Amino acid sequence: MTDRLQTLRELAPRLAETALANIAQEYPYDPGHVVRGPDGPALPRELHPVFYGSFDWHSAVHMHWLLVRLLRRFPDRLDVATVRARLDVQLTPAAVRTECDYLRANPGFERPYGWAWLLILAAECTLAGESAAGWRAALEPAVASVDELSTAWLKSAVRPVRAGTHANTAFALGLLLDAAEVLDHGDLARAVRDRAAEWFLDDRDAPARWEPDGHDFLSPALAEADLVRRLLPADRFSQWWQAFLPELPPSLQQPTARHSPGDGQAGHLWGLDLYRAAAFTRVAAALDDADRAEQLRACAQRHLDAGLVALDDPDYQLRHWVATFAALALDPAGH
């Protein structure tokens, strides 16, 4: 077990406690709901009987993922009965059907970030096997809806979004591809690969010196590289990386500046440190250039050390989501 996995193992009870509290906390909540008439909006739990907690829908989805991941990886470190009981309450067929109906009625809702996390949640349930079979079965209608919505979106989208926030296309495509391969959704996997190749394989000289924006929690450059490394063998990916980022600018090598407490947007920068730690590690593992890989691993460690401090921040603007990114940084290999 690596030092990172040992750290995640040690933190598992704390992260699970955070996730359990978040998914059951209905308020405050940012619904992202378009009001179409005088009879709306509905309350969060009415709109989203599964994902009504954690401040917003996508955070609720990936907090459920975090619980399933921790159950699969470190069951001996958790109160398994409590976690399973909570997930049994949340992930029921009737409640998921309401979520599914909402997604179909609002086909732009949570595209693409929330969609990708929902499929990753289903993939994690699949990897967990029989112990999560009931949750996986309950999720199936929503999974089918997101699969269809994602495939249609990929066919119609003209250009990617290269932001450092939820709209980022490359980050979502990476999660969608990982999930599609676990779920054996071949059509979706092919659609992701085709679009990713079209949009990103010819990119050169990424403007990473401009990163980060003041509310980034993703790195546009690293999200793209983390996607492309899924598409290419090591030798070709190393060539692509050399053309894409010939040199790492200082702004990408060092952890980001801290923020003022209570500022949720600036608080994204804590998560950016953790995301960079995960992405640097995965990109380094995909390179066949030992020197550059070592440089990236050093960057990853600096960002991890800085980002884990966020777990001590009591601000709900951080607490409702950052534990997930800590788990990604500490277990970047994924499956």
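Which residue lies over the face of Tyr 52? Select Tyr 52 and look across its ring: Arg 45 lies over the face, at 4.0 Å from the ring centre. Keep in mind throughout that this is a predicted model.

**Stop 1**

Select Ser 54, in the loop between α2 (44-47) and α3 (57-73). Check its backbone: phi is positive, about 65 degrees, although Ser 54 is not a glycine. Ser 54 has 0% relative accessibility, so it counts as buried.

Is Phe 55 buried or exposed? Its relative accessible area is 16%. The cut-off for buried is under 20%, so Phe 55 is buried.

**Stop 2: two cis prolines**

Go to Arg 111 and Pro 112. A cis peptide bond joins them, with omega about 0 degrees. Pro 112 sits in the loop between α5 (93-105) and α6.

Next, select Glu 211 and Pro 212. Here too the peptide bond is cis, and omega is about -5 degrees. Look for Pro 212 in the loop between α9 and α10.

**Stop 3: the aromatic rings**

Show the side chains of Phe, Tyr and Trp. The model has 16 aromatic pairs. Start with Trp 115 and Trp 153. Why is this pair edge-to-face? The ring centres are 6.2 Å apart and the planes stand at 85 degrees; planes over 60 degrees apart count as edge-to-face, so the pair falls in that class.

Trp 115 belongs to helix α6 (residues 113-128), and Trp 153 to helix α7 (residues 133-156).

Then select Trp 65, Tyr 113, Trp 117, Phe 171, Phe 217, Tyr 275, Trp 321 and Phe 325. Ring pairs link these residues into a cluster.

**Stop 4: helix α10**

Finish on helix α10, residues 220-228. How many of its nine residues are buried? The count is nine of nine. Colour them by residue type. Among the buried residues are Pro 220, Leu 222, Leu 227 and Val 228, and also Glu 224 and Asp 226.

Now display the surrounding helices. The buried residues of α10 pack against α8 (169-183), α9 (186-200), α11 (234-244), α12 (250-253) and α13 (268-286).

Definitions and conventions
Residues numbered from 1 in each chain as written. Predicted model: local features only at pLDDT ≥ 70, side-chain atom pairs only at ≥ 80, totals over all residues. Heavy atoms only, no water. Phe/Tyr/Trp six-rings, centres within 6.5 Å; stacked < 30°, edge-to-face > 60°. Helix = DSSP H or I, 4+ residues; strand = E, 2+ residues; numbered from the N terminus. Lys NZ or Arg CZ within 6 Å of the ring centre and 35° of its normal. Buried < 20%, exposed > 50% of the residue type's maximum accessible area, 1.4 Å probe, protein only. Contact = heavy atoms within 4.5 Å.
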